[in-house]
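Here are my notes on this model, point by point. Please read them with the structure open.

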Amino acid sequence: MRLFAIRPLVILLTACGLWAQAQPAARMPEIRTNGAVKQLFVDGQPFIMLAGELHNSSASSVTYMQPIWKRLAALHVNAVIGTVNWELLEPEEGKFDYTLVDSQIQDARRHGMRLVLIWFASWKNATSSYVPMWVKLDQRRFPRMVVKPRPDLPQHLASMMGATMPAPNLTPLGEASMAADAKAFAALMRHIKQVDPQHTVIMMQVENETGLLGDSRDRSPLAEAAWAKPVPAALMDHLVKNKASLLPETQKVWGANGYKASGTWSEVFGTDNFAEEAFMAWHVGRYMNRVVEAGKAELPLPMYVNAWLGPQPQMDQPGQYPSGGPVARVMDIYHAAGPAIDLLAPDIYVQDFKGTCALYARSGNPLFIPEARAITGHLFWSLGQHAGMGFSPFGIEDMKEDSQLAEAYAFLGPMLPVLAKAQAEGKVRGVLFEPDQTETVSLAGYQVRFTSSRTRIQLDAGQAPVDPAVVRRQQPVSDSPFGPPPPDTRPQGLLISTGPDEFLMVGSGLMATFAAASPGPKITEIGYIDEGSFENGHWVAGRRLNGDEGRPVLRSGRFGAIKVKLYRRD
């Protein structure tokens, strides 16, 4: 339930807003190419988000959030993903209440954090539950999608979402809906520009997990008319112009009917579920682009859209996952429909984390993970292997201050400038594998073979190696896919080339062997190994490791860093 601001709070926030307007404006956050990758720049410097997303309803109450900010600081997050609900921002058409927005900005700034705001508006998890009542009640002005029950799409979706009653779902072809959403979002961005010249808010997520559940496309009268019309020229021109570089998924759905350059949707793409998904992706993407354009006209912050993933196991058909949402297979269509959208971001709750990252790191799309479970191996992999802009577990306020994630954030925070530089120069790799496996990484003229340090320590002590299958069976398992997970015991970390024949290893449970893989002397030996840590982006050496400790090893159970200097001889 919403708690309305009392008069002293209104006075305080008004004063803060006036003070903010008097401050010099900081440099606009932006996503730009830096060396080999695209990075988020804040205050003119690359910014990697060690973030967390709040539960959906947390930010709807100033009072509820008060103790949470202190907890977030103890988790060492440098960015928080909060929410702005259209129904609370514009409860009456044309009348706006910015109390909840202002409180998030002020509290994030007070605790030294940056803020990403989700615009919960026309869609949230493939429904329109966050639209204001004046939108819900006027179905003539704001028409809804129509779903035709399909025997090939199991109707398990309501129970999966925890829903007990039908939820409203606006059609993306409703021009009045699109205009109302865009107008409200523009008002929000205009207000943020006025009260936040420091750019505490660094990025916006527009809508949330858009699309249609229960059918592969909308069957409303507006959608039926659009389906029978020619595919828009803007989409056809984009596909024809970029035919050689289109993703395999696009090639398949377009090529099935012979790569036609014009025609109706069914003539160009066919009539199967994936053809209808292409139709939905165009119209949903066009809708969100309109909202993004309206917001950027007021304040051009970076803006992204996020995806409920699909296809995925047991949800392999459009409609079992939201059809028309920004899943990786329709990335080309989104580039045509939404040129103002800066990136498509995956919400990753599936088992194949590595594969999902790879799908979203294509076609120039920078990787940002706005929702995931708090699994530290995934943090290291996304930042190291794909130059990720950030990692953000959902329900961050549920995490304990002594959690593995908090430890990882605390360790990584001081070294983010070094990591950002390595990302831009292509000198970092992610490392993540099962304890009974190995992983080989190529970097800076060396082949680096990683094994589990746990096995090495056991062998040194004369113990039999632990069976990884037994370890996994003994670990606690969370019943919820969204709750805090058990500690991630896999070997994990980063390998960074810091100079000629010099590497930084960061993480846990890793042991490395180095072999020359470039012209020159073939025998590789260790010159020295220094243990250390980072302070304000600078390496602080600790012990010089030698003798019994003179191996490139990061022990399990805690995060650490070592710098390894090599030399080569014949």
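1. Arg 32 stands opposite Gln 39 in E2. Two strands count as paired if DSSP finds at least two bridges between them. Helices (H or I, at least four residues) and strands (E, at least two) are DSSP runs, numbered from the N terminus.

2. The model is predicted: local features need pLDDT of at least 70, side-chain atom pairs count only at pLDDT 80 or more, and totals for chains, interfaces and linings use all residues. Residues are numbered from 1 along each chain as its sequence is written, and side-chain values use heavy atoms, with hydrogens and water left out.

3. Contact here means heavy atoms within 4.5 Å. Axes are lines fitted to C-alpha atoms, for helices over the stretch in contact, and angles run from 0 to 180 degrees between N-to-C directions.

4. A second open sheet has 6 strands, ordered E12-E15-E16-E21-E18-E19, again with antiparallel pairing. Strand E12 (428-432) and strand E19 (538-545) stand at the edges with a single partner strand each, so one side of each lacks a neighbour in the sheet. Neighbouring strands are turned by 30 degrees against each other on average, direction ignored.

5. Strand E15 (residues 492-499) and strand E16 (residues 502-508) run antiparallel, joined by 7 bridges. Ser 497 stands opposite Phe 503 in E16. Strand E18 (residues 523-535) is joined to strand E21 (residues 560-569) by 9 bridges, also antiparallel. There, Tyr 528 has Lys 565 of E21 as its bridge partner.

6. What links E18 to E19? They form a hairpin with 2 residues between them. Asn 536 in the turn has a positive phi of about 50 degrees. The two strands run antiparallel and share 6 bridges. Gly 532 faces Ala 541 in E19.

7. Helix H7 (residues 175-195) packs against helix H12 (residues 273-298) at about 30 degrees, with the axes 7 Å apart. That makes H7 roughly parallel to H12 (angles under 35 degrees count as roughly parallel, over 145 as roughly antiparallel, 65 to 115 as roughly perpendicular and the rest as oblique). The contact includes Phe 185 and Met 189 of H7, and Tyr 287 and Val 291 of H12. By class, its residues divide into 10 nonpolar, 2 polar and 7 charged. Ala, Val, Leu, Ile, Met, Phe, Trp, Tyr, Cys and Pro count as nonpolar, Asp, Glu, Lys and Arg as charged, and the others, Gly among them, as polar.

8. Helix H14 (residues 353-360) and helix H15 (residues 376-385) also pack at about 30 degrees, with axes 11 Å apart. H14 is therefore roughly parallel to H15. Phe 353, Lys 354 and Cys 357 in H14 meet His 378, Trp 381 and Ser 382 in H15. This contact has 3 nonpolar, 2 polar and 1 charged residues.
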